[in-house]
Amino acid sequence: MTRIQFRVLYRKFLFRVVDLELLAPQGDTNKLLGQFAGLLIFCSLWLSLIAAVASGPDRYNLLLETLYAWMAQHFLIATTMLAVGLFTVMSWETTFPDRRDVLILSPLPVRARTLLFAKVAAVATAVSITVSALNVFTGLLLPWGFASDGATHVIRAFGAWWVTQFAAGLFLFCSVLTVQGLAQLLPRQAYLRVSSWLQTTFFILLLTVYFLQPPFAEVRDLLSNERALRWIPSYWFFGLFHQLNGAALPQLAFLAPRAWTGLSVALCGVAAAYLISYFRTLRMIAEQPDILPGRRSLHWLPRFGDSLQTAVAQFSVRTLLRSRHHRVVLTFYLGIGLGLAMFISHTHEVYLRASGFGEWYRLNAPLLMASCLIMCAAVLGTRVVFSLPLEVRANWIFRIMPRAGVTRCLTASRRSLYALAVAPIWLASAALFFRLWPWRVAAEHLALLAALGAIVAELCLHRFHKIPFTCSYLPGKTQFNMALVYLGLFLLVTEWAADREMAALGNTALYVITLGVLVTVALLARWRTVAAARSEEGQVQFEEMLDPAVFALNLHRDGVTKIQ
Amino acid sequence: MLHRVRERPVLELRNVCKYFSGIPAVEDVSFCARRGEVTGYLGPNGSGKSTTMKMITGLIEMTCGEILFEGEGIQRDWTEFKQRMGYVPEEPYLYPQLSGLEYLVMVGQLRGLPAKSIRERIDGLLRLFSLYADRDMPISSYSKGMRQKVLLSAALLHNPDLILLDEPFSGLDIGSALVMRSLIQELATRGKVVLFSSHELEIVEKVCSHVVILHRGRVVADDSIERLRTLMALPTLEDIFAQLAVEQDTAAISHQIVNLILA
C-alpha cells in the first residue's frame with residue numbers, strides 16, 4: 001500500500017517540480033519536461049564547444065595548456081552550480097509540501113512520512129536530471145582532456161568530474177533549501193511574505209556571484225587570490241575535482257576540504273529543513289490560512305490619464321507589485337539583462353586593470369551597452385508578464401465595461417509599461433551616471449537611453465491589444481530554441497550601437513543626428529502601434545487564439561479573382 | 001397581469017439561441033422583463049440560465065435571435081447598454097491581489113464615474129454591507145460571502161437600470177441573505193428591472209412576481225407565479241418546478257445510491 005502510494009506521489013511530484021508553463025506546449029507535461037531537458041542538453045553541447053576551444057591544447061606551452069584547462073573546468077563547475085541554483089529558484093514552490101498537497105492528501109490514508117519521502121525523491125530526481133542533462137556532452141568529452149595519459153587516469157578523471165559536478169549541484173541545491181527550510185520556522189504568514197523576497201534575492205545573488213567572481217588570467221592570479229577563493233563555492237569544487245583527480249596543487253589544497261565541509265553542512269541543513277517541514281510546517285499549513293495578512297500600507301498611486309486609463313494602469317502596477325509569479329518571471333528577464341551587463345562590464349574592468357588604462361566607471365562602450373541591455377531586458381520582461389494572466393476568469397469585469405476601447409487600453413498599457421519598466425531603469429541609470437560621469441555626458445546618454453526605451457516599448461506594444469494580466473495565455477508559443485540566436489544577434493547590434501554612441505558622445509553634430517534618428521524611429525514605432533490599434537481588427541483581446549489548423553493561401557486566379 | 005399589460009418590456013429576448021460546437025445550450029428563448037418587476041429565471045443545472053445571462057451582458061455572443069433593451073437591440077450601442085447594466089456573476093471571480101476598496105474604485109473608474117462620487121458611494125456601500133473594516137484587506141482573504149458582497153456593490157455602484165443577478169445568495173449568511181432579499185424587492189420598487197436567477201425556490205417565490213422556467217435550453221414556463229399555480233393546480237413553486245423541469249425520480253435515485261454504497 002505504502003509503496004504504491006509512494007510511486008503515485010513520486011510521479012505526481014516529479015511532473016510538478018518546476019512550473020515551466022513558459023516552455024510548455026499546451027501544458028503537456030511530457031513535452032514540457034522533454035523540452036526542458038532538450039534545452040539543457042543544447043546548453044551542454046554549446047558549453048562543451050566553448051570549453052573545448054578554451055582548453056585547446058597548446059603543446060608548446062604546458063603552462064598555458066594547464067591554465068586553459070583550469071579555466072574550462074572552473075567555468076563548467078560554476079555553470080552547473082548556476083543552472084542548479086536557477087532550477088531551485090524556479091521550483092521554489094514545490095520543493096516542500098505545500099497547502100495543496102496537505103489539503104488534498106491529508107483526508108486520504110497517506111502517511112505524512114510517505115508524502116515527504118516522495119517529495120524528497122522527486123526533487124532529488126529532478127536535480128539529478130538537471131545536472132546530467134547539462135553535462136551530457138561536457139561530462140563525456142572533456143574529462144579526456146583533463147586526464148594525463150593512460151586508461152586509469154581517464155577513468156579517474158571521468159569519476160572525479162561527475163562526482164564533482166553532482167557534489168557542486170547538490171551543495172547549491174541543499175544550501176538554498178536549507179535557507180528556505182529555516183525560514184519556515186517563522187510564523188506561516190510571515191514566512192509567506194519573506195519567501196517571495198528570498199526567492200528573488202537568491203536569483204540575483206546567483207547571477208551576481210556567477211558573473212562577478214574573480215577570474216584568473218594567469219595561474220599566479222589564482223594563487224594570489226586565496227582570500228577570495230575561500231568564500232566562493234565554485235572554487236571549492238574546482239579544488240575538489242583536482243583532489244579527486246589526483247592533480248591538486250599544494251597551494252590550492254585548502255579548497256577541497258572546504259567543499260566537503262560545505263557539502264556536509266548543506267546536507268545536514270536540508271535534512272533539518274525537511275524535519276522542520278515534517279514536524280512543524282505540515283501541521284501549520286493545515287491550521288493557518290495560506291494567505292498573506294492584509295496591511296494598511298500605502299495604497300496611493302498617481303493618475304495615469306482619464307478614469308479608464310487610470311483604472312487599467314493602476315490595476316497593472318498593483319498586479320505586478322503583488323503577484324509573486326509575475327515578479328519571478330520579470331526577475332528572470334531582469335536577471336538575464338543584469339547578468340549580461342555585469343559580464344560585459346566586468347570583462348572590460350579586468351581588461352582595463354590588466355592594461356592599466358583606467359577605472360571601470362570612466363565613460364566606455366561596455367558601460368553604455370550594459371545600461372541599454374538592462375533597459376531592453378526590463379521592457380521586454382514587463383511586456384512578457386503583461387501577457388500572463390492573473391485569475392483569468394475574473395476578467396469578466398473588464399469585458400462588461402462600456403468604454404474599454406482598444407486605443408485607450410493601449411494608452412493605459414503604454415503608461416503602465418513606462419511606469420513599471422522604462423522610468424525605474426531610466427531613473428536608476430540617471431542616479432548612477434550623474435554620479436560617475438560629467439553631467440553633460442550623463443545627460444546625453446540618458447536622452448539616448450530614454451529614446452531607446454521608447455522604441456523598445458513601442459515595438460513590444462505593437463499588436464498588443466490587451467489589458468495587461470487579463471488575456472488568457474496559451475503556453476508553448478515562446479520560441480526558446482531560437483532564443484540564443486536572437487540573443488546573439490541582439491548583442492552584436494547592441495555592441496555596434498554602443499560603439500556608435502561612444503563616437504557620438506564626443507561629437508555634438510553626430511550626437512544630434514543620432515538622437516534625432518532615435519527619436520524619429522520612436523515616433524514611427526509609436527505611429528505604427530497606434531495605427532494597428534485603430535485598424536478594423538483592433539479589438540481588445542481577452543482570449544489568446546490558437547493558430548488555425550488550416551492556413552488560407554489567399555491564391556488568386558489570373559492574379560485578380562480570388563479562388564474560393 | 002393588468003400591471004404587465006400596462007408596462008412596456010424593458011428587456012426582451014426574442015428567439016435567442018446559443019450553440020457550442022453545434023450543441024444547443026439555449027434554444028429559441030423568448031421572454032420579457034419589465035420595470036418594477038423581479039423576474040425569476042429558473043432551471044436545473046445546465047439548462048442555460050447562466051449562458052443566457054452571459055449573452056445579455058455580452059460576455060458570449062448569441063448564435064441567433066435578438067435581445068432588446070427599451071425596444072432597441074443591445075448590440076446597436078453596447079456602450080450605452082453596458083453603462084445601464086449591473087451584473088453579479090454566478091461564480092465570485094475577483095482579482096485576489098486587490099483589496100475590496102481598490103477593486104470597487106477600479107470598477108468605478110472603468111465606468112467613468114466622477115472620483116468624488118466613487119469614494120462616497122463605495123464608502124457607503126462598504127459600510128452597509130459590513131465590509132468597511134476589511135476594505136484594505138486583499139480579496140484573497142475574503143470569505144465567499146464577502147466576495148459576493150463586493151460583487152453586488154460593484155454591480156450597484158453606478159445606479160444601473162437593469163440588474164442581472166446570477167445566484168446572488170450563494171455563500172451569504174442568513175442575515176446577509178435577508179438583507180439581499182429586501183434589497184432586490186426595494187430595487188424593483190424603485191423602478192429597476194431585475195433578472196434574478198437562483199436555485200432557492202422559496203426565496204424566488206417570495207421575491208419574484210414573474211418567473212421564466214428553462215429546461216434543456218428551452219422555456220417551459222413564462223408567467224406570474226400566481227397564474228402558474230392556478231393553471232397547474234399546484235400549491236408551490238417547488239411543485240411547479242419539479243413537474244416542469246425535473247425528469248428524474250429523486251426518491252428512486254437516492255435509494256439506488258444508498259444501495260450501491262451498501263453493496
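Student: Which domains is chain B divided into?
Tutor: In this predicted model, chain B is divided into domain 1, which covers 2-84 + 162-172 + 190-262, and domain 2, which covers 92-159.

Student: And how many Å separate the centres of domain 1 and domain 2 of chain B?
Tutor: Taken over C-alpha atoms, the centres of domain 1 of chain B and domain 2 of chain B are separated by 27 Å. The contact takes five residues from domain 1 of chain B and five residues from domain 2 of chain B. On the side of domain 1 of chain B that touches domain 2 of chain B, three residues are nonpolar, two are polar and none is charged.

Student: Let's turn to sheets. What is the order of the four strands in the open sheet of chain B?
Tutor: The order in that open sheet of chain B is β2-β1-β4-β5, and the pairing is antiparallel.

Student: Why is one side of β2 and of β5 in chain B left without a neighbour in the sheet?
Tutor: Both β2 (23-34) and β5 (72-73) of chain B stand at the edges and have a single partner strand each, so one side of each is left without a neighbour in the sheet.

Student: Over how many bridges do β1 and β2 of chain B pair?
Tutor: Strand β1 of chain B, residues 9-20, pairs with β2(B) over eight bridges in the antiparallel sense. If you want a place to look, find V16(B), which stands opposite V29(B) in β2(B).

Student: What about β9 and β10 of chain B, how do they pair?
Tutor: Strand β9 (residues 210-215) of chain B and strand β10 (residues 218-224) of chain B pair over six bridges in the antiparallel sense, and D222(B) in β10(B) is the bridge partner of V212(B). The hairpin of β9(B) and β10(B) has two residues between the strands, and in this hairpin R216(B) takes a positive phi near 50°.

Student: New topic: at what angle do α15 and α17 of chain A pack?
Tutor: Helix α15 (residues 365-387) of chain A and helix α17 (residues 406-436) of chain A pack at about 155°, with their axes 10 Å apart. The two helices, α15(A) and α17(A), are therefore roughly antiparallel to each other, and α15(A) passes α17(A) in a right-handed crossing.

Student: Which residues meet there, between α15(A) and α17(A)?
Tutor: From α15(A), the residues include I374(A), V379(A) and F386(A), while those from α17(A) include L417(A), L420(A) and I425(A). By class, the contact of α15(A) with α17(A) has ten nonpolar, four polar and one charged residues.

Student: Is α15(A) roughly parallel or antiparallel to α18(A)?
Tutor: Helix α18 of chain A, residues 439-461, packs with α15(A) at an angle of about 30°, with the axes 10 Å apart. The helices α15(A) and α18(A) are therefore roughly parallel to each other, and their crossing is right-handed. Among the residues that meet are L368(A) and C372(A) in α15(A), and L449(A) and V456(A) in α18(A). The contact of α15(A) with α18(A) divides into eleven nonpolar, three polar and one charged residues.

Student: Last one: how many residues of chain B are in contact with chain A?
Tutor: 26 residues of chain B are in contact with 27 residues of chain A. On the side of chain B that touches chain A, α3 (78-83) and α4 (100-110) of chain B each supply at least two residues.

Student: Where does the largest share of that side of chain B come from?
Tutor: It comes from α4(B), which gives five residues to the side of chain B that touches chain A. By class, that side of chain B has 13 nonpolar, nine polar and four charged residues.

Technical notes:
Residues are numbered from 1 along each chain as its sequence is written. Chains are lettered from A and ligands numbered from 1 in the order in which they are written. This is a predicted model: local features need pLDDT of at least 70, side-chain atom pairs count only at pLDDT 80 or more; totals for chains, interfaces and linings use all residues. Axes are lines fitted to C-alpha atoms, for helices over the stretch in contact, and angles run from 0 to 180 degrees between N-to-C directions. Angles under 35 degrees count as roughly parallel, over 145 as roughly antiparallel, 65 to 115 as roughly perpendicular and the rest as oblique. A crossing is left-handed if the near helix is turned anticlockwise from the far one by less than a right angle, and right-handed if clockwise. Two residues are in contact if their C-beta atoms, placed from the backbone, lie within 7 Å. Ala, Val, Leu, Ile, Met, Phe, Trp, Tyr, Cys and Pro count as nonpolar, Asp, Glu, Lys and Arg as charged, and the others, Gly among them, as polar. Domain bounds come from an automatic or database domain assignment. Two strands pair if DSSP finds at least two bridges between them.
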